[in-house]
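Here's a quick walk through a few spots in this chain. Have the sequence and the model open side by side, and let's go residue by residue.

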Amino acid sequence: RHFAMLPAGTRVAAALGRAAGVSRAETGAAAARCVHASAAASSQLASANASAKVGRFYREVTVAPSDCGSGYHVLLDKRKLKSPLKRELIIPSDALAYMVAQEWDSQTTHIEKQSMHLTALCNTAVDSDVTADRNQHASGLLKFLETDTVCFFEEIPEDLHEMQKEAWTPLVQWFADKHEVHLPTTVSLSNDVPAETLAAAKQRLLDHSDWGAVGYDYAIQTARSFVIGTALIDGHVCPYEAEALAAVETRFQTKRFGEVEWIHPLERADTIVRLAAAHTFTTLCEEGAQ
């Protein structure tokens, strides 16, 4: 029911399918799993912050073209949705605008802001410095490549090394081939990433639209890896695979010592939903920019 109101259904379904890495027939089930996982994580996290909740203050959520003729507004009882800094949200994609509207329409008696990932990304695009200085922002993200998790292998224990090698080596090779660069791996505490590799990665970031760059940033920071974030945005891996790649060491530890059932599953679900939001947001922003 979370996507029933979307008139741009075909484009949204395609975007969600690419985000989840599944066929169109499986898209609904994959989206539902993300929604249910997010709801489970949100309900647990929100219980400690009940006093900070804001009650639902609107009845109807609609979408309308912006006054400037480009982009779309989300309207709460005909009032334009604004960012935390009181700036109007002019969303570049109609499909994204309807998905943001659905986040607001799906709220019940109280506003669960932590479950509204696409709205948060729109706010970031409008209020943050990500779009103010794209060159500086791109340079700052390169630190994730210089210290990328998938390039650092543990020598011991040996079974962890083999687990990392099996998961990360094909991904590193994919990134190198994709950008026609060399991306070294190491078992030491530092990695000497060639200047041409960093330059190619920076240009990759700059090639995105301003709003698309916000989603790309979110993917990298959520995965804590430039390579995994890039693979997700490109559709080389789905959110479930991206989370698994980012959590190889955690998986190794829980396999040996067990899983804390009220922590690890919630963290995993929250990460998957955030990664799915990053991919969907970036995909729809780039479509809207064309």
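Start with E60: setting aside neighbours up to four places off in sequence, E60 is in contact with L75, L76 and D77, where contact means heavy atoms within 4.5 Å. E60 sits in the loop between strand 1 (54-55) and strand 2. Strands here are DSSP runs of E with at least two residues, helices are runs of H or I with at least four, and both are numbered from the N terminus. The C-alpha atoms of E60 and W104 are 9.3 Å apart, though 44 residues separate the two along the chain.

Before going on, a word on the ground rules. This is a predicted model, where local features need pLDDT of at least 70 and side-chain atom pairs count only at pLDDT 80 or more, while totals for chains, interfaces and linings use all residues. Numbering runs from 1 along each chain as its sequence is written, and side-chain values use heavy atoms, with hydrogens and water left out.

Next up is D67, found in the loop between strand 2 (61-65) and strand 3 (72-76). Beyond its neighbours within four places in sequence, D67 is in contact with H73 and K80. D67 and I90 are 23 residues apart in sequence, with 9.3 Å between their C-alpha atoms.

How covered are these residues? The table sorts four of them, with buried meaning under 20% relative accessible area, exposed over 50%, and partly exposed in between (1.4 Å probe, protein chains only).

| Residue | Relative accessibility | Class |
|---|---|---|
| E60 | 44% | partly exposed |
| D67 | 64% | exposed |
| N123 | 16% | buried |
| E162 | 41% | partly exposed |

N123 belongs to helix 4 (residues 117-127). Not counting residues up to four places away in sequence, N123 touches K82, S83, P84, L89 and S128. Helix 4 is mostly covered, with nine of its eleven residues buried; among them are H117, L118, C122 and D127.

Finally, E162 is part of helix 6 (residues 158-179). On the surface, E158, D159, E162 and E166 gather in a patch of negative charge. Patch members have over 30% relative accessible area and no salt bridge, and like charges are joined within 9 Å. A salt bridge is a side-chain nitrogen of Lys or Arg within 4 Å of a carboxyl oxygen of Asp or Glu. An α-helix has 3.6 residues a turn, so residues three or four places apart point the same way.

Definitions and conventions: Patches are made of residues with over 30% relative accessible area and no salt bridge: like charges are joined within 9 Å, nonpolar side chains (Val, Leu, Ile, Met, Phe, Trp, Tyr) within 5 Å. Accessible areas come from the Shrake-Rupley method with a 1.4 Å probe; for residues, only the protein chains shown count as cover. Lys and Arg count as positive and Asp and Glu as negative; His and the chain ends are not counted. The place of a charge is taken as NZ of Lys, CZ of Arg, CG of Asp or CD of Glu.
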